[in-house]
Amino acid sequence: MTQLPTLVSVVGSSFLASIVEIVEAFTIILAVSIVRGWRPAIIGTAAALALLAVAVVIFGPILELVPIHALQFTIGILTLLFGLRWLRKAILRSIGVIAMHDEDAIFTKEANALTALERQKLSQLEWIAGMTAFKAVLLEGLEVIFIVIALGSTRTSDGGNLIWEASLGALAACVLVLIAGAFVHKPLSTVPENTLKYAVGIMLSAFGVFWTGESFGIEWPGADLSIIGFGLIFFAIGTTLVNMYRPRYSKSAMAGAH
Amino acid sequence: MIKGIWAELVGLFVDDEFLAIAIVALVIGIGVLRYLEIIDPVIGGAGLVIGLPAILIAGVIRTLRRIH
């Protein structure tokens with residue numbers, strides 16, 4: 001049996017993090033398909049998904065062979081690097097010192113780059129468009145796989161893990177973004193990406209603290225529930241930093257605009 | 001192309017060098033001290049719970065100062 005808060009944390013964090021990644025990949029696939037048609041977009045996407053599937057099939061069973069403490073340590077430290085990086089950037093964006101992630105701008109940039117190449121009448125344009133979609137899906141897909149592994153490695157009381165539950169969260173995000181994208185047929189710029197990254201950065205950092213501690217033989221009070229406590233600590237720090245610095249930095253940004 | 005993908009992969013984990021080095025140094029430091037049994041688990045846990053948020057705060061403030 002798994003405690004409900006842990007299950008909700010794992011599935012919810014996997015879902016939210018995957019939405020962010022899939023929206024980013026979707027924006028580039030859409031730019032490729034609008035400029036060069038669906039063919040290179042579909043071929044690039046399918047090739048990347050095939051490569052990701054091969055990676056999961058090869059590396060999945062290897063993970064089972066790694067001693068639990070080594071796995072917890074490796075995943076813990078990578079999750080901390082990944083989660084605290086997202087959280088730091090989300091805090092800086094909320095303060096107003098770095099620009100928000102803009103799907104419309106990314107879409108325009110990718111579309112313009114492909115249109116410029118089209119004007120040069122390059123013979124390998126189809127190839128370049130396909131590779132653009134391939135690279136976007138591969139990188140964002142790797143991030144999704146990493147997040148699923150990091151969150152799904154949570155041990156259940158019967159010695160199992162929550163990889164399937166985390167995968168379901170990611171799959172639900174994929175289905176949701178594809179349905180929304182099919183209806184909207186333009187970049188999903190209304191997705192509150194910074195808020196999602198903020199929330200997921202907090203959860204990944206909390207999981208990272210938990211894993212690294214477990215790998216050192218630390219028995220956290222409340223076991224899995226301590227993850228929620230760590231999340232609250234990171235949330236409090238982020239909120240305090242944003243409230244402290246946003247007035248000062250948004251004022252200087254406005255002054256700079258005049 | 002492969003070089004670009006590799007650089008972006010590394011970038012997933014390492015963006016701000018200070019943040020990355022500080023996290024790795026703290027975790028490995030506590031790991032070594034725990035392995036040698038110089039500190040007990042409670043101190044190790046406290047080190048992570050206090051140290052990692054402190055690194056986040058330092059990383060944000062450092063960036064704000066640099067931008068300012």
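**View 1. Helices H1 and H2 of chain A pack against each other.** H1(A) and helix H2 (residues 38-65) of chain A meet at an angle of about 145°, and their axes are 6 Å apart. (Axes are lines fitted to C-alpha atoms, for helices over the stretch in contact, and angles run from 0 to 180 degrees between N-to-C directions.) On the H1(A) side you'll find A:Ile29, A:Val32, A:Ser33 and A:Arg36, and across from them A:Trp38, A:Pro40, A:Ala41, A:Gly44 and A:Thr45 of H2(A). Two residues are in contact if their C-beta atoms, placed from the backbone, lie within 7 Å. Sorted by class, the residues of this contact are 5 nonpolar, 3 polar and 1 charged. (Ala, Val, Leu, Ile, Met, Phe, Trp, Tyr, Cys and Pro count as nonpolar, Asp, Glu, Lys and Arg as charged, and the others, Gly among them, as polar.)

This is a predicted model, in which local features need pLDDT of at least 70 and side-chain atom pairs count only at pLDDT 80 or more, while totals for chains, interfaces and linings use all residues. Residues are numbered from 1 along each chain as its sequence is written, and chains are lettered from A and ligands numbered from 1 in the order in which they are written.

**View 2. Chain A is built from helices.** Its secondary structure comes to 8 helices and 0 strands. (Helices are DSSP runs of H or I with at least four residues, strands are runs of E with at least two, and both are numbered from the N terminus.) Of the 258 residues in chain A, 46% are buried. A residue is buried if 20 or more other C-beta atoms lie within 10 Å of its own, exposed if 12 or fewer, and partly exposed in between, with C-beta atoms placed from the backbone. Take the contacts in chain A with a separation of 6 or more: 84% of them join residues 24 or more positions apart.

**View 3. Here's the largest nonpolar core.** It has 84 residues, and those with the most contacts inside it are A:Ile29, A:Leu87, A:Ala133, A:Ala206, A:Phe207 and B:Ile23. Its largest share, 16 residues, comes from helix H1 (residues 4-36) of chain A. (A nonpolar core is a set of buried Ala, Val, Leu, Ile, Met, Phe, Trp, Tyr and Cys residues joined through C-beta atoms within 7 Å.) Leaving aside neighbours within four places in sequence, A:Ala206 touches A:Ile227, A:Phe230, A:Gly231 and A:Phe234.

**View 4. Chain B meets chain A.** The contact takes 31 residues from chain B and 32 residues from chain A. On chain B's side, the elements giving two or more residues are helix H1 (2-13), helix H2 (17-35) and helix H3 (41-67). H3(B) gives the most, with 14 residues. H1(B) is hardly covered: among its 12 residues, the count of buried ones is 0.

**View 5. Two loop residues have a positive phi.** Most residues other than glycine have a negative phi. A:Ala223 isn't a glycine, yet its phi is positive at about 50°. You'll find A:Ala223 in the loop between helix H7 (193-215) and helix H8 (226-257) of chain A. A:Ala223 counts as partly exposed because it has 14 C-beta neighbours inside 10 Å. B:Glu37, also not a glycine, has a positive phi of about 60° and sits in the loop between H2 and H3 of chain B. With 7 C-beta neighbours inside 10 Å, B:Glu37 counts as exposed.
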